[in-house]
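User: I am new to this structure. Please walk me through it.

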Amino acid sequence: MSLKEQITEDMKAAMRAKDTAKLSAIRLITAAMKQKEVDERVELDDTMVLAIIEKMIKQRKDSITQFEAGGRQDLADIEKGELAILSAYMPAGLSDAEIQAAVAEAVAQTGATGPQDMGKLMGVLKPKLAGRADMTVVSAMVKAALAK
């Protein structure tokens, strides 16, 4: 079953269970998926769906920090609930050691020597690690590896 089909089935289950919080979050995902399909006239595969969910997770994290800074804990709690539901669709994350190993492998593969090669390295790493690692952490590890 594809991720898109899984999300549809989860939406039906949330409707049956009258779980309004989960249903609301899943409807946000389906709306974003349909928007992408209409805008780009494509049929979404799992990779594209994961990219959409990853973007939504990043938005929720940003919103949570903004709401907490503004003293709106009630809104931050709603965003945290949506974040938990969205995170359930993401594959298991990689550990720091696994990310370091992927960075080291990419450095060896591309022959990168300095900071000017960062774009080349990120181009190799992004397709491998997308959805499984926070790309800001990967970027920091790449910078550290190239600084040596």
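Analyst: A nonpolar core is a set of buried Ala, Val, Leu, Ile, Met, Phe, Trp, Tyr and Cys residues joined through side-chain atoms within 4.5 Å. Keep in mind that this is a predicted model.

User: Which residues touch the most other members of the largest nonpolar core?

Analyst: In soluble globular proteins, nonpolar side chains tend to be buried together. Here the largest nonpolar core holds 22 residues. Those touching the most other members are Leu3, Ile7, Ile29, Met33, Val49, Ile53 and Tyr89.

User: Which helix gives the most to this core?

Analyst: Helix H1 (3-17), helix H2 (20-40), helix H3 (46-69) and helix H4 (73-87) each supply at least two of its residues. The top contribution is 7 residues, and the helix that gives them is H3.

User: Leaving aside neighbours within four places in sequence, which residues is Tyr89 in contact with?

Analyst: Tyr89 is among the core members that touch the most others. Its contacts, leaving aside neighbours within four places in sequence, are Leu3, Gln6, Ile7, Asp10, Ile26, Ile29, Leu50 and Ile53.

User: Which residues of H5 are buried?

Analyst: Helix H5 covers residues 96-110. Seen down its axis, the buried residues fall within an arc of 100 degrees, so they line one face of the helix. On the other side, Ala97 and Ala108 are exposed. The buried ones are Ile99, Ala102, Val103, Ala106 and Thr110.

User: How far apart are the end C-alpha atoms of H5?

Analyst: H5 has 15 residues, and at 1.5 Å a residue they should span 21 Å. The model agrees with this: the end C-alpha atoms are apart by 21 Å.

User: What residue follows H5?

Analyst: The residue after H5 has a positive phi, near 70 degrees. That residue is Gly111.

User: Is Ser139 buried or exposed?

Analyst: Ser139 is found in helix H7. Leaving aside neighbours within four places in sequence, Ser139 is in contact with Met118 and Met122. The cut-off for buried is under 20% relative accessible area. Ser139 has 18%, so the answer is buried.

User: Which helices do the buried residues of H4 pack against?

Analyst: The buried residues of H4 are Ala76, Glu79, Glu82, Leu83, Ile85 and Leu86. They pack against H2 and H3.

User: What is the relative accessibility of Arg60?

Analyst: Arg60 is found in helix H3. Leaving aside neighbours within four places in sequence, Arg60 is in contact with Leu28, Glu79, Glu82, Leu83 and Leu86. Arg60 counts as buried, because its relative accessibility is 9%.

User: How many salt bridges does the structure hold?

Analyst: Side chains of opposite charge can pair when their charged atoms come close. One of the pairs here is Lys4 with Glu37. The structure's total of salt bridges is 9.

User: How many residues apart are Lys4 and Glu37?

Analyst: Their side chains meet at 2.3 Å, N to O. Lys4 is partly exposed, at 21%, whereas Glu37 counts as buried, at 17%. The pair links distant parts of the chain, with Lys4 in helix H1 and Glu37 in helix H2. Their separation in residues is 33.

User: Which residues are linked with Lys4 in a network of salt bridges?

Analyst: The pairing of Lys4 with Glu37 belongs to a network of salt bridges. The residues linked with Lys4 there are Glu37 and Glu43.

User: Why are Lys36 and Glu40 separated by about one helical turn?

Analyst: An α-helix has 3.6 residues a turn, so residues three or four places apart point the same way. Lys36 and Glu40 form a salt bridge, with the closest N and O atoms 3.1 Å apart. Both lie in helix H2, and they are about one turn apart because their separation in residues is 4.

Notes
Residues numbered from 1 in each chain as written. Predicted model: local features only at pLDDT ≥ 70, side-chain atom pairs only at ≥ 80, totals over all residues. Heavy atoms only, no water. Buried < 20%, exposed > 50% of the residue type's maximum accessible area, 1.4 Å probe, protein only. Contact = heavy atoms within 4.5 Å. Salt bridge = Lys/Arg side-chain N within 4 Å of Asp/Glu carboxyl O. Expected span 1.5 Å × (residues − 1). Arc of directions from axis to C-beta.
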